[in-house]
Amino acid sequence: DHYQASQEMKDVINMINIVCSIVFAFEAVVKISAFYPRAYFIGGEVPGLHPSMLSAGANRLDFLLVVISAVELFAAESSSLSVFRALRLSRLVQLAQRWPRLRKVSRALTTSFSESVYLFLLLLVFLFIYTVLGMQLFGSAGVQFMDPVRMSFMSLWQSAYTVFVIITGEGWSSMMDLTVQKTNGAACLYFISLFIVGQYIIINLFICILVDSLAAGIPSEDETAISVAPFIGSPTSSPGNRFAPTSPTQTHTPKNSASPCVGQSLHHQQIMGKTIQGSPHLSVTSATLPGTLPSPGSPKARHLHTAASHPLSPRSPPRAQLRCRSPGAISGASGQSLSFRDRLLELEYLQDKLMGADSDREEDKEDKKDNAGSGLRGAARRLVCHSYFEWVILGMILCNACFLAADTPWTQGDCFSQTCDTRSLILYISDLVFAALFSMETFLKIYAFGLKGYFSSGWNVLDFFVVTMSVVGMFFPILKVIRSLRTIRLVALVPTLKTTVMALLWAMPALGTVAVMLFFLWLVFAVLGVQMFMGRLWECQSPDQEILPLDMKDCHAPNVWTHPRWDFDNCLVALMSLTIIAYGEGWNDYMWAGIDSTAAGLQATPWASPIAGLYFVLFFVLGSFLALNLFAATLIDEFLSNTDEMSHLTASQKQFVSNLKIIITSSLPHVPKAPETEWRKALFKAVTSRWFDMLISGAIILNLLIMTVEHYQQAEIITTVLNGVNLFFVILFACEALLKIIALDPVQYIKILWNRFDFFLVVLSLVTLPFDGPGTSILRILRVFRLVGRFEGLRACVQTLLFALPSLINVFQLMILFFFIFGVTGVQVFGRINYEHPLHAAEFPSGLSSSNNFGDLYSSFILLFAISTTEGWVGVMEACQTTYPGCEVGDRCGSDFAVPYFFLFMVGSTCILLNAIITSVLSHFDTVMDPGLIPLNHLRTFWATVDP
């Protein structure tokens, strides 16, 4: 259904609705007759039926929809009940319950919804309190505005919607400014407290509940952890078992690895099978490693084997990571159910311990020798497998990226058929050269490994696709933008990028499941929105872009009866409108438009349909508070439950983090000895006491707060007072350092790291005391870092950032690559748009401009970073779509390619990459805050005391 549909289509839709209503009514009657009313409405178990068939809640909803459909059919003149047809789509979710991953996510959502009931009640109570308080404080003062932001405290409905908009953070600062101008400065306390408590406390509790629900999800029987017995072989292994060796003499099999240069045989399974079966001292069975395996020939086992060995699968753990596991992880004494990935880690650790690293190196040498071969093909293999060859390819990709960055929208594309300027000619020749070089590399690898060997690697398939598209783009200028995909090849060559992408691929199945669930939610609300608001968001617009209070029949030329680009006139447009609302960018404009809407063809009237605003509030709660946070919760759950905090690091990065943890957790703290002199002993007790430490910490905080008093064009008396206060704190901290040096003696004082930092700041403050300027103020701010050594929570945060630094660097590298690809694409597609044209500037004043555009890569980077914060991205997207008369001259028009471009960018940047940063920090924070480390810290302090 859509707005302005033909009468024939409406008749067809009505006929289909009647047929569907009869079918669903017949279904309900059959189910009630078969299961009896009690089992249908209350629930029960029937052998041989899927649990979703007897879901009491779903059956009750189905029966309610059948009753509403029947009432709607008999009351044909009224279409107010037609909006409930959209709820029939909830049956898709019931069918999706048969998908294990969807079942897990839906189970987690159900749990989170049940746990969120009290949170919703708390939100409602909080909303009601501030609604009534706003009416009492500002309603009597006549606080009601329509421009530049809409807000009102004149009635309960108006105040409630205004409070909810403030909680979401949309335009709340402008509302506060207008209210302060209307009343007094005390209104700031109302808005600030409402925003902080609502946005940072109540709303952020949703993601905590989601993470807890996902982490506590109990896997079903077909999702239980698997055993490793068939993978290591057993005396009873069947001859057809493809996972275990069938013959002790079998030593080599065809290779299929991520890189054809190093073949990957089944020697691991063979070694494990022969060694463990033949060892009189060790027997690893399903009893040793808890869990159960599916039968070797079952689809489940084949799926797991494929997932573990696929060259692009993140489930194939690198050897360096596998050897990091301790023997305690193998014993399985805790009895906890381990994941398939953990069991592979245990197997690799057993292999390394049983066979030793020498046998592995010998096996690798044999594999390389077999791969090298002889003759011309062998020489080609040795060439492409040489480390220098990869470095050369890496350098070529980086050089190509530099040329892509130098490209502009005005670069001439074909320099053979037309005369080009020097810049365009250089870029054109470079494009031809790089296309030829990458093609030669591809053909060389295909010749070296053969078609089957080359395409057995997923990375080679990706390279072949990129090279092919680049060559095709030379002949079809419309595919010129595909050149930016060449930089994707860096993922296969740069280890830090590769490990990060592998970690994200590990979470992709779960994120895909979440995306399916969100699509169902979006589809239900889209159909519901079309039924409620199609044709109701139109308005009469004058040539000067002013809204006129006229109905469609009275809106004559030169006025235009128009509508927003994204509304609810059809389902596809409604899906995009809901996406915009979910990201929170201008969502309140949709809500106010829905509240003011009357009927199709009629002008909007303020507060004509206040109940219609509940549709947007409900979707914002489900679509933004819960749904988008579900992406972050799923990513966090996948990282914390299926991997460890270092699984997405390279070997050198793992070694760095491990060494850093050993240094921090194993080094003994210096415990100073009390002096023998009585007066120094008393001074020692004073400067090492807790009250002295709290006094200095309070002085540091007070110094920081006093520094905030400084402002531009301040009075001379304030400057004098601040200088005097700064001198007082410098003397205070100098006296503190002097007292500690006297009490501890200089040797013991300097052994403590934080004392060295304090002494450095004191000396720096004394040296810069005669000077005044921005530099000295910055040095004073450094005093706040002294608090890190005095509070355990701050130390834990600093340690977390140190441990997460390699992970953050990896994610930032991937973000730079992601922004580069979209930046180069944006320059080629949207760089020629004439945003200075009067019609374009008048329609989208907040879109493209001289400071926000795709004119070059630098401007593109800045603009993409700005919209990655979800600020103004809708205006930029609409500006990149806009066309106007005459824009065809010089190719200055926008493109509908902007919709998928910005949609993919927003999903990739906000839902995946930014959440990956949060996940990287949280994974290490969980390790740092492990309660099991508390006894170790006490032991370190005690050991340092008894054995300094």
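**Entry 1: Trp-607**

I began with Trp-607, which lies in the loop between α22 (587-596) and α23 (613-642). I kept in mind that the model is predicted. I looked up the backbone angle of Trp-607 and found a positive phi of about 60°, although this residue is not a glycine.

**Entry 2: Thr-870**

I noted a positive phi at Thr-870 too, with a value of about 65°, and Thr-870 is not a glycine. I located Thr-870 in the loop between α33 and α34 (873-881).

**Entry 3: a cis peptide bond**

I checked the peptide bond from Ala-557 to Pro-558 and recorded that it is cis, with omega near 10°. I placed Pro-558 in the loop between β4 (547-548) and β5 (560-562).

**Entry 4: Ser-909**

Which backbone oxygen lies 2.7 Å from a polar atom of the Ser-909 side chain? I found that it belongs to Phe-905. The backbone oxygen of Met-906 lies 3.5 Å from a polar atom of the side chain of Ser-909.

I also listed the contacts of Ser-909, leaving aside its neighbours within four places in sequence: they are Phe-818, Ser-868 and Leu-914.

**Entry 5: helices α31 and α33**

I examined how helix α31 (residues 792-830) packs with helix α33 (residues 857-867), and noted an angle of about 120° and axes 9 Å apart. The crossing of α31 past α33 is right-handed. On the α31 side, I found Ile-816, Phe-819, Phe-820, Phe-822, Gly-823, Val-824 and Val-827 in the contact. On the α33 side, the contact is made by Leu-857, Ser-860, Phe-861, Leu-864 and Phe-865. I sorted the residues of this contact by class and recorded 10 nonpolar, two polar and no charged residues.

**Entry 6: the whole chain**

I ended with the chain as a whole, which has 36 helices and five strands. Of its 948 residues, 44% are buried. I recorded an accessible surface of about 47,900 Å², with 68% of it belonging to carbon and sulfur atoms. Among contacts with a separation of 6 or more, 72% are between residues 24 or more positions apart.

Notes: Residues numbered from 1 in each chain as written. Predicted model: local features only at pLDDT ≥ 70, side-chain atom pairs only at ≥ 80, totals over all residues. Heavy atoms only, no water. Polar contact = N/O pair within 3.5 Å; in protein donor to acceptor, adjacent residues only side chain to side chain. Contact = heavy atoms within 4.5 Å. Axes fitted to C-alpha atoms, helices over the stretch in contact; angles between N-to-C directions. Helix = DSSP H or I, 4+ residues; strand = E, 2+ residues; numbered from the N terminus. Left-handed = near helix turned anticlockwise from the far one by under 90°. Nonpolar A, V, L, I, M, F, W, Y, C, P; charged D, E, K, R; others polar. Buried < 20%, exposed > 50% of the residue type's maximum accessible area, 1.4 Å probe, protein only. Areas by Shrake-Rupley, 256 points an atom, 1.4 Å probe, with all protein chains shown as cover.
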